[in-house]
Amino acid sequence: MSILETLTQRSGNQCELCQSTENLAIYEVPPSEQHADKCILACQTCRGQLDGSADTDVNHWRCLGESMWSTVPAVQVTAYRQLHALSHESWAQDLIDMLYLEDDIKAWAEQGITTEDDNQAPTLDSNGTVLQAGDNVTIIKDLQVKGAGFTAKRGTAVRNISLTDNPEHIEGRVNGQRIVLVSKFLKKM
Ligand SMILES: [Zn+2]
């Protein structure tokens, strides 16, 4: 069976991201490989935005709220990366917070994410370990959270952090609130 036939069968002949049935074709999930496990069937709208040839239509990607639960790793990876690209949208960040990927799938997904930040100094924790988006950390000293009116206690775990434009800061959810934390007061778990 060809890759296209395999994907057509797997997807029920619809876009694996947005369920459209129009203009379907193979999208090779970078780093591209000619194997059905590394490809998804996607419509022209999705493909154009994924490869950067079309402008991003933020609302189109609300479809990921459903497709990120796909059992196909290549779909999970694409959803994860695209949600990270949109993580300035609160709904996208909420979906990232819910999305759970197996370790090997997550490692694959993150290959595509760090490239934009290549020029930036790495974000380091208290031990000098490089922190990346999606890492879990613990807080190593009580931190007064400005504006939020609570103290983030030493030992609190912060899961699935995001990096910020400032290499000394990360963002994470503590007490149900998304806050900025100083990376030198954190330790990677
Ligand atoms: Zn689509």
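Because the model is predicted, local features are reported only at pLDDT of at least 70 and side-chain atom pairs only at pLDDT 80 or more, whereas totals for chains, interfaces and linings use all residues. Residues are numbered from 1 along each chain as its sequence is written, and side-chain values use heavy atoms, with hydrogens and water left out.

Helices (DSSP runs of H or I, at least four residues) and strands (runs of E, at least two) are numbered from the N terminus. The axes of helix 4 (73–85) and helix 6 (residues 103–111) come within 9 Å and cross at roughly 50°, where axes are lines fitted to C-alpha atoms, for helices over the stretch in contact, and angles run from 0 to 180 degrees between N-to-C directions. Helix 4 is therefore oblique to helix 6, the term left for angles that are not under 35 degrees (roughly parallel), over 145 (roughly antiparallel) or 65 to 115 (roughly perpendicular). The contact (heavy atoms within 4.5 Å) is made by Pro73, Ala74, Gln76, Val77, Tyr80 and Arg81 of helix 4 together with Ile105, Lys106, Trp108, Ala109, Glu110 and Gln111 of helix 6.

In helix 5 (residues 90–98), Trp91, Ala92, Gln93, Leu95 and Ile96 are buried, that is, under 20% relative accessible area with a 1.4 Å probe and protein chains only. These buried residues pack against helix 3 (64–67), helix 4, strand 9 (162–163) and strand 11 (177–182).

A nonpolar core is a set of buried Ala, Val, Leu, Ile, Met, Phe, Trp, Tyr and Cys residues joined through side-chain atoms within 4.5 Å. The largest such core has 32 residues, of which Leu17, Ile40, Cys46, Trp61 and Leu83 touch the most other members. Two or more residues are given to this core by each of strand 2 (39–42), helix 2 (44–50), helix 4, helix 5 and helix 6, and the largest share, 6 residues, comes from helix 4. Another core, of 14 residues, lies apart from it and includes Leu131, Leu143, Ala152 and Ile170.

Ile179 is placed in strand 11 and is buried, with a relative accessible area of 7%. Leaving aside neighbours within four places in sequence, Ile179 is in contact with Val145, Phe150, Ile170, Glu171, Gly172 and Val174. The C-alpha atoms of Ile179 and Val72, which are 107 residues apart along the chain, are separated by 32 Å.

Conventions:
Buried means under 20% relative accessible area, exposed over 50%, partly exposed in between (1.4 Å probe, protein chains only).
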